Amino acid sequence: MKKFSLLLCLLLSLTIALAACGSNADKDDSSSNAGNSSKDLLEKIKSDGKIVVGTEGTYAPFTFHDEKTGDLTGFDVEIAQEVGKRLGVDVEFKETQWDAIFAGLDAKRFDMIANQVGINDERKEKYLFSDPYISSTAVLVTKSDTDIKSFEDLKGKKSAQSLTSNYAKTAESYGAELVGIDGFNQAVELLNSGRVDATVNDKLSFLDYKKQKPDADIVIADTADDVAQSGLMFRKDSESLVTEVNKALTDMIDDGTYKKISEKWFGEDVLK
């Protein structure tokens with residue numbers, strides 16, 4: 001009987017020891033898998049030799065296709081290319097409509113968005129931003145013969161807007177009925193055809209459009225008091241990448257590269 005009890009104790013001890021080993025192995029595997037899944041994004045970009053950038057490609061002068069060559073170009077495109085150059089990687093652009101661009105970032109279709117994305121508290125809750133690289137003001141754009149003279153006159157009027165933009169929220173706050181568009185050029189088309197009464201947009205987009213088409217029958221009816229800032233946008237898991245991008249932006253400003261790109265597209269430094 002004693003021999004049987006001793007044997008039983010030995011078997012129980014062996015079982016407990018094996019279970020403990022299995023538990024430790026599981027923990028080791030779990031830690032290893034966690035380490036692999038959380039691989040630093042900057043490290044991955046450096047390893048792949050490229051950064052994937054989401055952009056519209058239809059939003060002149062920030063991101064659009066040259067009419068003669070068909071190449072993707074614009075202020076944001078050149079800024080992103082210069083950032084990639086300073087990170088030591090190639091830049092691959094993936095074009096998508098504005099209303100789908102955030103979902104594309106969430107789905108990891110790209111690593112960064114370069115599309116004059118306005119920095120606001122709501123977006124900062126979910127995403128990371130670089131240091132601001134554009135400062136501008138919102139303007140109310142109408143036709144010259146309209147009775148709309150101020151933002152307050154938007155109440156009950158139709159305003160052409162990218163529906164998820166800061167400008168759409170501004171128009172809506174003044175009581176406008178929103179009509180969805182993909183870019184400023186489309187807003188002007190709707191204005192000219194009488195399908196909308198106005199658009200709230202970026203002053204830089206207006207100035208660029210008038211530079212390209214000086215005879216266009218559109219005017220700035222009102223200008224917002226506050227200055228809006230834009231940044232390159234990232235997922236929350238991109239802290240080290242944002243740090244490197246900020247360094248690249250700072251170096252671009254310090255050595256005059258940023259000013260050169262800005263003056264090419266706008267005739268002035270748009271960060272001031």
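The following legends accompany close-up views of a predicted model.

**Figure 1. Overall content of the chain.** The secondary structure of the chain consists of 10 helices and 11 strands. Of its 272 residues, 43% count as buried. The chain exposes about 14700 Å², and carbon and sulfur atoms supply 50% of this area. Where contacts link residues at least 6 apart in sequence, 68% of them join residues at least 24 apart.

**Figure 2. The largest pocket and its lining.** This pocket holds about 480 Å³ of space. Its lining is made up of 18 residues, and those nearest the centre are Ala60, Phe64, Glu67, Asp208 and Gln212. Two or more lining residues come from each of strand S2 (64-65), helix H8 (203-212) and helix H10 (257-266).

**Figure 3. Helix H8 at the largest pocket.** Helix H8 contributes five residues to the lining of the largest pocket, the most of any element. Tyr209 is also found in helix H8.

**Figure 4. The surroundings of Tyr209.** Tyr209 has a relative accessible area of 10%, and is therefore classed as buried, because the cut-off for this class is under 20%. Apart from neighbours within four places in sequence, the residues in contact with Tyr209 are Phe184, Asn185, Val188, Ala216 and Ile218. One of these contacts, Asn185, is 24 residues from Tyr209 in sequence, while the C-alpha atoms of Tyr209 and Asn185 are 7.9 Å apart in space.

Terms used
Residues are numbered from 1 along each chain as its sequence is written. This is a predicted model: local features need pLDDT of at least 70, side-chain atom pairs count only at pLDDT 80 or more; totals for chains, interfaces and linings use all residues. Side-chain values use heavy atoms; hydrogens and water are left out. Helices (H or I, at least four residues) and strands (E, at least two) are DSSP runs, numbered from the N terminus. Buried means under 20% relative accessible area, exposed over 50%, partly exposed in between (1.4 Å probe, protein chains only). Contact means heavy atoms within 4.5 Å. Accessible areas come from the Shrake-Rupley method with a 1.4 Å probe; for residues, only the protein chains shown count as cover. On a 1 Å grid over the protein atoms alone, a cavity is a set of points where a 1.4 Å probe fits but cannot get out, and a pocket is an open set with protein on both sides within 12 Å along at least five of seven lines; lining residues have an atom within 4 Å of a point. Grid points are joined across faces, edges and corners, and a volume is the space filled by probe spheres set on the points.
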